[in-house]
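Colleague: Before I use any of the labels on this structure, I would like to hear what stands behind them. Can we go through them one at a time?

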Amino acid sequence: MANQDQRALAKVITMIENDHPKKLSIMSDLNARKKNAHYIGITGSPGAGKSSVVDHFLTLLREKNKKIAVIAVDPTSPFSGGALLGDRVRMQKHFTDENVFIRSMATRGSIGGLARATKDAIRACDAYGFDYILIETVGVGQSELDIMKVADTTAVVLTPNSGDIMQVFKAGIMEIADLFILNKSDLPGVNKLKSQLEDLIHIAGHKGLEPPIIETTSSEKPSGFDNLYEAFNKHWTYLEETKTGKEKRQEQLQYEVYELIQEELWKEIKQSIEQDEAKQRSLSEHGDPYQIAEQWLKEWRRNRKGDSGG
Ligand SMILES: Nc1nc2c(ncn2[C@@H]2O[C@H](COP(=O)(O)OP(=O)(O)OP(=O)(O)O)[C@@H](O)[C@H]2O)c(=O)[nH]1
Ligand SMILES: [Mg+2]
């Protein structure tokens with residue numbers, strides 16, 4: 001990927017973060033150029049080794065001459081203070097590779113929020129001809145979970161004796177997992193974790209492909225990455241070639257369309273309310289929220305009809 005393309009892409013993402021007024025049409029132009037990259041989400045508790053996994057996986061993908069974009073979500077939350085710095089150190093050797101684009105997304109900016117901006121950034125990357133787009137998020141918040149709805153394949157990283165398996169189960173992360181990475185498999189306890197996970201997968205049930213469990217070590221002596229590569233590709237084939245796979249894609253697309261409509265509509269309504277000082281003044285402390293909402297909506301609908309001349 002040429003340097004100028006890298007710069008152009010970086011600029012587009014900044015525009016997305018700043019919620020450019022023409023975002024929808026810009027995104028739509030970009031989408032028309034999309035190259036069908038494989039979107040892979042990698043999530044898991046803080047410190048599970050996500051960035052290390054991404055780093056080794058990048059090395060493998062580069063050996064296969066693939067082009068990759070990495071989006072690291074940097075929730076400026078207390079959970080992962082300094083994550084960004086850590087990521088930079090961990091993925092250092094890939095930063096100068098022109099076939100690897102690395103970008104972090106921060107919580108600030110974007111009215112639509114972090115999740116929306118991240119999804120748009122992923123789609124923007126797809127116009128620039130990557131084979132893989134890797135998204136690293138810390139699986140702690142709703143918005144990080146939400147980001148994974150845009151991924152073709154979501155991998156959840158678990159580690160032995162971390163106690164995060166039950167947390168992951170409770171937080172609804174299980175439901176979005178297409179694949180489990182048991183990382184730090186050099187540590188004791190990996191077999192126990194594996195059998196616990198097998199039980200949980202069984203209890204949770206799922207339609208479509210049963211999520212495989214891949215053991216990896218992402219320290220200096222990496223292992224398991226060929227298996228991981230194979231599992232990701234297998235899931236891609238499933239999405240492309242089976243009925244349940246295609247249905248999954250369709251559901252995700254529908255969800256995203258709904259979300260975009262919601263966001264645009266809300267922006268419009270909010271703006272009309274905020275421009276109306278009388279409305280602001282009418283909010284007394286003992287107001288009836290139902291009544292106010294109903295009335296404002298009615299007015300907005302009436303004005304809309306007036307605008308369109310109908
Ligand atoms: N023993 C062992 N340690 C590992 C392995 N992989 C990563 N680590 C260590 O685990 C720590 C966290 O690794 P990261 O890759 O930063 O984890 P992360 O999930 O990206 O962390 P956050 O982004 O902060 O949530 C580092 O100290 C790594 O050196 C592994 O396979 N085995
Ligand atoms: Mg990280």
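Modeller: We can start with surface patches. A nonpolar patch is made of residues with over 30% relative accessible area and no salt bridge, whose nonpolar side chains are joined within 5 Å. Keep in mind throughout that this is a predicted model.

Colleague: Which residues make the nonpolar surface patch here?

Modeller: Leu253, Val257, Tyr258, Ile261 and Leu265 make a nonpolar surface patch of about 470 Å². Ile261, one of these, is found in helix α11, residues 243-274.

Colleague: Glu256 is found in helix α11 too. What makes Glu256 count as buried?

Modeller: Buried means under 20% relative accessible area. Glu256 has 7%, so Glu256 is buried. In space, Glu256 and Lys149 are 8.3 Å apart, C-alpha to C-alpha, while in sequence they are 107 residues apart.

Colleague: Why is the pair of Phe101 and Phe130 called tilted?

Modeller: By the rule used, there are 2 aromatic pairs. Phe101 and Phe130 form one that is 6.3 Å centre to centre, with 40° between the planes. Rings pair if their centres lie within 6.5 Å, and planes under 30 degrees apart count as stacked, over 60 as edge-to-face and the rest as tilted. The 6.3 Å passes the distance rule and 40° falls into the remaining class, so the pair is tilted.

Colleague: What makes this a link between distant parts of the chain?

Modeller: Phe101 and Phe130 are 29 residues apart. Phe101 is in strand β3 (residues 100-106), and Phe130 is in the loop between α6 (114-126) and β4 (132-138).

Colleague: Are Phe101 and Phe130 buried or exposed?

Modeller: Phe101 has 4% relative accessibility, so it counts as buried. Phe130, at 2%, counts as buried as well.

Colleague: How do you know that β1 is largely enclosed?

Modeller: 7 of the 7 residues of β1 are buried, so the rest of the structure largely encloses this strand. Both faces are covered: His38, Ile40, Ile42 and Gly44 lie on one side, Tyr39, Gly41 and Thr43 on the other, and all are buried. In a regular strand the side chains alternate between the two faces of the sheet.

Colleague: What makes β4 a pairing partner of β1?

Modeller: Two strands pair if there are at least two bridges between them. β1 and β4 have 7 bridges, in the parallel sense, so they pair. His38 has Tyr132 in β4 as its bridge partner.

Colleague: How many bridges join β1 to β5?

Modeller: 5 bridges join β1 to β5, and these strands run parallel. Ile42 has Ala155 of β5 as its bridge partner, and Thr43 stands opposite Val156 of β5.

Colleague: What makes β5 mostly covered?

Modeller: 6 of the 6 residues of β5 are buried. Thr153, Ala155 and Val157 point one way, with Thr154, Val156 and Leu158 pointing the other way.

Colleague: How do you know that β5 pairs with β6?

Modeller: β5 (residues 153-158) and β6 are joined by 4 bridges and run parallel, and at least two bridges are needed for a pair. Val156 stands opposite Phe180 in β6, and Leu158 has Leu182 as its bridge partner there. From β6 (residues 179-182), Leu179 and Ile181 point one way, and Phe180 and Leu182 the other way; all are buried.

Colleague: Which elements make up a right-handed β-α-β unit?

Modeller: β5, helix α8 (residues 164-170) and β6 form one. The chain also crosses from β6 through helix α9 (residues 190-204) to β7, again in a right-handed β-α-β crossover. β6 and β7 (residues 213-215) pair in the parallel sense over 3 bridges, with Ile213 of β7 as the bridge partner of Phe180.

Colleague: Why is Lys184 called partly exposed?

Modeller: Partly exposed lies between the buried limit of 20% and the exposed limit of 50%. Lys184 has a relative accessible area of 29%, so Lys184 is partly exposed. Lys184 is found in the loop between β6 and α9, and its phi is near 60°, a positive value in a residue other than glycine.

Colleague: And what makes Asn36 partly exposed?

Modeller: Asn36 has 41% relative accessibility, so Asn36 counts as partly exposed. Asn36 is in the loop between α2 (23-32) and β1 (38-44). Asn36 has a positive phi of about 65° although it is not a glycine.

How values were computed:
Residues are numbered from 1 along each chain as its sequence is written. Chains are lettered from A and ligands numbered from 1 in the order in which they are written. This is a predicted model: local features need pLDDT of at least 70, side-chain atom pairs count only at pLDDT 80 or more; totals for chains, interfaces and linings use all residues. Side-chain values use heavy atoms; hydrogens and water are left out. Buried means under 20% relative accessible area, exposed over 50%, partly exposed in between (1.4 Å probe, protein chains only). Helices (H or I, at least four residues) and strands (E, at least two) are DSSP runs, numbered from the N terminus. A crossover is right-handed if, with the strands pointing away from the viewer, the path from the first strand over the helix to the second runs clockwise. Patches are made of residues with over 30% relative accessible area and no salt bridge: like charges are joined within 9 Å, nonpolar side chains (Val, Leu, Ile, Met, Phe, Trp, Tyr) within 5 Å. Accessible areas come from the Shrake-Rupley method with a 1.4 Å probe; for residues, only the protein chains shown count as cover. A salt bridge is a side-chain nitrogen of Lys or Arg within 4 Å of a carboxyl oxygen of Asp or Glu. Rings of Phe, Tyr and Trp (its six-membered ring) pair if their centres lie within 6.5 Å; planes under 30 degrees apart count as stacked, over 60 as edge-to-face and the rest as tilted.
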